[in-house]
Amino acid sequence: MDILKFITAGSVDDGKSTLIGRLLYDTNSVLDDQLEAIKKANRKNNDGTVDLAILTDGLKAEREQGITIDVAYKYFQTKHRKFIIADAPGHIQYTRNMVTGASNSDLIVVLVDARKGVIEQTKRHSFLAKLLSMKKVLVCVNKMDMVDYDQTVFDTIKADYEQLATKLGLKNIDYIPVSALKGDNIVHRSERMSWFKGEALLDYLEKVEFPEAKQSRGWRFPVQWVVRPQTEDLHDYRGYAGRVLGSGLRVGEEVLVLPSGVHSTVQRIEINQQAFTVAEDGQSVIVHLSTDVDISRGDTIVSAANPTHSERSFEANISWFDNKPLDTAQLYLLQHHSKTVKIKVPEVLFKYDVNTQEQHYGADIRLNDIGKVFIKAADEIPFDLQEDFPENGRAIIIDPRTNITVGAVTIEQI
Amino acid sequence: MDYLDHLEAEAIYILREVAGQFENPALLFSGGKDSITLVHLAKKAFRPGKFPFPLVHIDTGHNFPETISFRDQLVAELGEQLIVGYVQDSIDQGKAIEQTGKNASRNALQTVTLLDTIEQYGFDACIGGARRDEEKARAKERIFSVRDEFGQWDPKRQRPELWNILNGKINKGENVRVFPISNWTELDVWNYIKRENIALPSIYFSHQRDVVLRNGQWMAAAPFLQIDETDTVDHKSVRFRTVGDMTCTAAVDSEAVELDDIIEEIRSSTISERGARIDDKVSEAAMEERKKQGYF
């Protein structure tokens, strides 16, 4: 059994929390005491049915206002898969929390209100989906019950979205018309939309597969921690602990240590003190090299045959989360896996208009803005371009004065 | 990778980030199944090396004796350091005031002792076994969750947490609570315990015990539970699904003596794990309020 991580995105009141509540409720994932708590809270929909959104709105301020402020993670399981849902806020004010949820998901469910069609938040979220290179986009046209389950409404929205997707270069998009409130096409196929020939949402989620990552891309190994017991019987033990990005890290392979550029060979791969000949994508392992090399946290081990870039400057897309605008004169920190370096962002190349995707020159990068910048680092960073190897083309920006994560970065160009 | 492999690899990654990013971390150990799982994961992350942190137990003094003996045995086997913070000390120092009445519990007082212990030892990160599936305020928690110098959680000011890049930078006096098994469900923990053959305190398995019915739930008849003439003490076959201290953890009727029985019991249960925690039933926002105060 595998895990599917997905996020629901959409504007306020598009019914994200209701959709999740419905998924949980109709798959019998809500337990009696939780249901009891909802009933006690006594929040009802207009038609008197229990408000399922309350299942995910876990904060007092959220329940008071009936909105989602921060990401809630929900878990459920069917015979086919385990699911982790990130229920993210729709408010533009909380875009950073939406990005938090999206960055850890494989699939994004974009909710569109059937009455409103593609609006600014749809565009913003789709743009973020592109920036974060989400593997798949599912557009759920919700509130179909409020447009008499009319096929032409669905078709029009689908056509509009396809246009947007082409503009953005978004691929792998699917569409389902639903009513989260009434439960149409969520867990069961809706009889009221017999014109729709596709699967209900749950069926779709159970079956959806992701395009395989390029075989040739190889692996990267950022060192998190050096295991060095220094006991009598393990006097020479020196293992580099980390999690493999990509696959194919094997014993006997010639490697390069970055940034030093020293060559060595993989001597041993351990998981839980057992030896393996190969480490797979996402495994947390300990690697031993055949020679005594000076390696510490923040270094990256790569295949000598397929190394990363190792540069001090690059162009990146940036998504800004802080109330203070990006200051091109200030020093920031860039965290790329286990490595943290001082950086400057001396130049904003342009800012995107999320509605039109046009590029605006000479603008500041402010809260919730997305733009392209030039970054200069104090030390080499062993990165890949986001397009080639997404997991190694990402970083966060920290403001050293507040220690807050102020921006997300995807590396686009050297 | 199977889903348990995935969850394990993620948890190990998080533990190693703690080791790499903090000067003086600690692993909060309650003797319950989640923190026992954390200890097992720490072995996988750091062995054959030593743990880069001590285990810290906040002892309410109202623990199940089985939990304490299990804790001491585990620590002896591990050869790692254990630090115990006693709620009784906080009471004696006048920092915490013991509740009175029939439903008195020291559960809330743990926060005082925890924050004092953090300050005394200068911990900058505390690893905990909380899971997002436990409770709706927990579902909102980041993996690296920053607490201010008063130990408070501010849900409106949580940092963005992008991809798997965890920002552990903090100001002096602040503290990060780290949750490596955030993405695990109760059933995942049990399936993992079974797969890895992890030992647990006996109270998780069905046993005969004197219990008292309180507010519709079976409480262990402990010496510090106020039992009067309106109570009847029953002798029943029960087990504990979650282990806090004896005054806030209810037992469930159970004949489950093996892990397979427990897994089956949870799979078919219609009550959540926290349904047996008195402390969560106080109000809709009980957990959120406690977390804001500094509860882990």
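In the predicted model, the salt-bridge count over all chains comes to 39.

In chain A, A:Arg124 is paired with A:Glu120, with 4.0 Å between the closest N and O atoms. Both residues belong to helix 5 (residues 120-131) of chain A, where a spacing of four residues corresponds to about one turn of the helix. The relative accessibility of A:Arg124 is 7%, so this residue counts as buried, the limit being under 20%. A:Glu120, by contrast, has a relative accessible area of 37% and is therefore partly exposed, since this value falls between 20% and 50%.

A further salt bridge of chain A joins A:Lys339 to A:Asp379, the closest N and O atoms being 3.1 Å apart. A:Lys339 counts as buried because its relative accessibility is 9%, whereas A:Asp379, at 28%, counts as partly exposed.

Strand 22 (residues 370-381) of chain A also contains A:Lys376. The C-alpha atoms of A:Lys376 and A:Lys344 are 5.4 Å apart in space, although the two residues are 32 apart in sequence. Leaving aside residues up to four places away in sequence, A:Lys376 touches A:Arg312, A:Ser313, A:Lys342, A:Ile343, A:Lys344 and A:Pro346.

In chain B, a salt bridge is found between B:Arg147 and B:Glu141, for which the closest N and O atoms are 3.4 Å apart. Both partners, B:Arg147 and B:Glu141, are buried. Salt bridges with shared partners also connect B:Asp5, B:Glu8, B:Lys44, B:Arg195 and B:Glu196 in one network.

Between the two chains, 75 residues of chain A are in contact with 58 residues of chain B. The buried area amounts to about 5700 Å², and carbon and sulfur atoms contribute 55% of it. Three salt bridges are counted between chain A and chain B. A salt bridge between the side chains of A:Lys5 and B:Glu10 has an N to O distance of 3.4 Å. The side of chain A that touches chain B comprises 33 nonpolar, 25 polar and 17 charged residues.

Terms used. Residues are numbered from 1 along each chain as its sequence is written. Chains are lettered from A and ligands numbered from 1 in the order in which they are written. This is a predicted model: local features need pLDDT of at least 70, side-chain atom pairs count only at pLDDT 80 or more; totals for chains, interfaces and linings use all residues. Side-chain values use heavy atoms; hydrogens and water are left out. Contact means heavy atoms within 4.5 Å. Buried area is the accessible area (1.4 Å probe) that two parts lose on being put together, summed over both. Ala, Val, Leu, Ile, Met, Phe, Trp, Tyr, Cys and Pro count as nonpolar, Asp, Glu, Lys and Arg as charged, and the others, Gly among them, as polar. Helices (H or I, at least four residues) and strands (E, at least two) are DSSP runs, numbered from the N terminus. Buried means under 20% relative accessible area, exposed over 50%, partly exposed in between (1.4 Å probe, protein chains only).
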